[in-house]
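Please read it alongside the sequence and the model.

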Amino acid sequence: MAGSGSEEVKILGGWPSPFVMRPRIALNIKSVKYDFLEETFGNKSELLLKSNPIYKKIPVMIHGDKPICESMIIVQYIDDVWASSGHSIVPSDPYDASIARFWATYIDDKFFPSLTGVAKSKDAEERKAAIEQVIAGFALIEEAYQKTSKGKDFFGGEKIGYIDIAFGCSIGWIRVTEKMNGIKLFDESKVPGLTKWADKFCADETVKSVMPETDALMEFAKKIFGSKPPPSN
């Protein structure tokens with residue numbers, strides 16, 4: 001085992017970051033107590049720079065004296081170290097696990113950039129094209145949800161799993177994008193599964209305490225980022 005589950009756990013991050021939510025949800029699923037060390041955006045702490053000298057980005061989990069970086073790598077680590085606590089986050093079946101990792105990678109490599117593209121758009125034409133990309137991404141993720149959930153509440157089945165955590169952390173920023181642009185992305189007529197899933201995800205006890213309020217997140221976006229996209233991984 002990479003580390004003892006009894007060692008102290010710390011998370012370096014910021015409450016508005018969708019990526020920081022991921023390990024926090026995973027730790028909640030496993031009922032692991034941790035200290036949350038709030039980083040100030042634009043002012044990297046010495047501990048962060050020491051713990052993640054390559055990327056110099058949040059989130060970082062420190063388990064004992066061992067730093068683990070990159071949000072979904074941290075989620076995998078948490079699932080491995082605390083395998084006997086809570087439910088499994090990564091599917092036990094190798095094929096199902098590979099599908100979960102594929103969609104988590106898609107979300108990071110394709111979906112998030114399309115979502116931030118809305119904020120980056122310089123004119124109405126660019127904005128329209130960016131929104132169309134996001135809507136296309138929603139359609140693909142809706143299809144993935146229908147296949148992987150197998151009629152149950154979450155991508156992971158009856159309980160929150162790997163894809164749920166990967167995509168669910170974006171709900172707050174999706175709702176901010178909806179409000180700031182006067183659009184509807186969680187549209188029950190187009191993505192009925194995801195629309196119901198988002199409500200169930202946010203209502204889960206492991207998510208409630210770490211999901212930012214939309215209005216607070218929107219104020220943060222206006223104050224800190226202006227027209228820029230949400231903080232990156």
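A network of salt bridges links Glu7, Asp65 and Lys66 in this predicted model. In total, the structure holds 10 salt bridges.

**Salt bridges between helices**

- Asp199 and Arg175 form a salt bridge in which the closest N and O atoms are 3.5 Å apart. Because Asp199 belongs to helix H8 (residues 192-203) and Arg175 to helix H7 (residues 171-181), the pair ties together parts that are 24 residues apart in sequence.
- Asp199 counts as partly exposed, with a relative accessibility of 48%. Arg175 also counts as partly exposed, at 24% relative accessibility.
- A salt bridge joins the side chains of Lys179 and Asp215, with an N to O distance of 2.7 Å. Here the linked parts of the chain are distant, since Lys179 is in helix H7 and Asp215 is in helix H10 (residues 214-225), 36 residues apart.
- Lys179 is partly exposed at 47% relative accessibility. For Asp215, a relative accessible area of 47% likewise places the residue in the partly exposed class.

**A salt bridge within one helix**

- The side chains of Lys208 and Glu205 meet in a salt bridge of 3.1 Å, N to O.
- Both residues lie in helix H9 (residues 205-208) and are three residues apart, so about one helical turn separates Lys208 from Glu205.
- Lys208 counts as partly exposed at 47% relative accessibility, whereas Glu205 counts as exposed at 59%.

- Glu178 is located in helix H7.
- Leaving aside residues up to four places away in sequence, Glu178 touches Ile183, Lys184, Leu185 and Phe186.

**Strands and their pairing**

- Strand E1 (residues 9-13) pairs with strand E2 (residues 35-38) in the parallel sense, over four bridges. Gly13 has Glu38 as its bridge partner in E2.
- Between E1 and E2 the chain passes through helix H1 (residues 18-29), and this β-α-β crossover is right-handed.
- E1 is also joined to E3 by four bridges, with the two strands running antiparallel. The bridge partner of Ile11 in E3 is Met61.
- Strand E3 (residues 60-63) is covered on both faces: Val60 and Ile62 are buried on one side, and Met61 and His63 are buried on the other.
- E3 is joined in turn to strand E4 (residues 66-69) by four bridges, again in an antiparallel arrangement. Within E4, Cys69 is the bridge partner of Val60.
- E3 and E4 form a hairpin with two residues between them. Gly64, in the turn, has a positive phi of about 70°.

**Cysteines**

- How many disulfides are found? The count comes to zero.
- The cysteine sulfur closest to that of Cys169 belongs to Cys202, and at 11 Å the separation is too far for a bond. A disulfide would need the two sulfur atoms to be within 2.5 Å.
- Cys202 is accordingly in no disulfide, its nearest cysteine sulfur being that of Cys169, 11 Å away.
- Is Cys169 buried or exposed? Cys169 counts as buried, at 1% relative accessibility. Cys202 is buried as well, with a relative accessible area of 16%.

**Phe220**

- Phe220 lies in helix H10 and counts as buried, at 12% relative accessibility.
- Phe220 and Pro91 are separated by 129 residues in sequence and by 35 Å in space, C-alpha to C-alpha.

Definitions and conventions:
Residues numbered from 1 in each chain as written. Predicted model: local features only at pLDDT ≥ 70, side-chain atom pairs only at ≥ 80, totals over all residues. Heavy atoms only, no water. Salt bridge = Lys/Arg side-chain N within 4 Å of Asp/Glu carboxyl O. Buried < 20%, exposed > 50% of the residue type's maximum accessible area, 1.4 Å probe, protein only. Pairing = 2+ DSSP bridges. Right-handed = clockwise from strand over helix to strand, strands pointing away. Contact = heavy atoms within 4.5 Å.
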